[in-house]
Amino acid sequence: MKRKLMFFMTFLFVGIGLVTAQTSRVTGVVTAEEDGLPVVGASVLVSGTTLGSVF
């Protein structure tokens, strides 16, 4: 019984972590250092991963 409960709790916490990690949203504007204007076609990567996007 105790083993089943521990398995269920572990599965529950891992599942919640996976679901909430996929719903994070990052917003912002990429601007040029020289004039502060938005940069068209800028690519943004998450450090240490292969995740990114092109704006």
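This is a predicted model: local features need pLDDT of at least 70, side-chain atom pairs count only at pLDDT 80 or more; totals for chains, interfaces and linings use all residues.
**The largest pocket and the chain around it**

Let me begin with the largest pocket, which has a volume of about 280 Å³, where a pocket is an open set of points on a 1 Å grid over the protein atoms alone, with protein on both sides within 12 Å along at least five of seven lines, and the volume is the space filled by probe spheres set on the points. Residues are numbered from 1 along each chain as its sequence is written, and side-chain values use heavy atoms, with hydrogens and water left out.

Which residues line the largest pocket? Among them are Val26, Thr27, Val44, Leu51, Ser53 and Phe55, and a lining residue is one with an atom within 4 Å of a point. Strand 1 (43-45) and strand 2 (52-54) are the elements that give two or more residues to this lining. By type, the lining has eight nonpolar residues, four polar and no charged; here Ala, Val, Leu, Ile, Met, Phe, Trp, Tyr, Cys and Pro count as nonpolar, Asp, Glu, Lys and Arg as charged, and the others, Gly among them, as polar.

Two of the lining residues deserve a longer look. Val29 is in the loop between helix 1 and strand 1 and counts as exposed at 62% relative accessibility, where exposed means over 50%, buried under 20% and partly exposed in between, with a 1.4 Å probe and protein chains only. Phe55, in the segment after strand 2, is likewise exposed, with a relative accessible area of 56%, and its C-alpha is 6.3 Å from that of Ser43, 12 residues away in sequence.

Turning to the whole chain, the elements run α-β-β from the N terminus on, with helices (H or I, at least four residues) and strands (E, at least two) taken as DSSP runs. The radius of gyration, taken over C-alpha atoms, is 20 Å, well over the 10 Å that the globule rule gives for 55 residues, so the chain is more spread out than a compact globule; that rule is 2.2 Å times the number of residues to the power 0.38. Of the 55 residues, 4% count as buried.

Finally, the chain averages a pLDDT of 82, and 91% of the residues score at least 70, pLDDT being the predictor's confidence in each residue, from 0 to 100.

Conventions: On a 1 Å grid over the protein atoms alone, a cavity is a set of points where a 1.4 Å probe fits but cannot get out, and a pocket is an open set with protein on both sides within 12 Å along at least five of seven lines; lining residues have an atom within 4 Å of a point.
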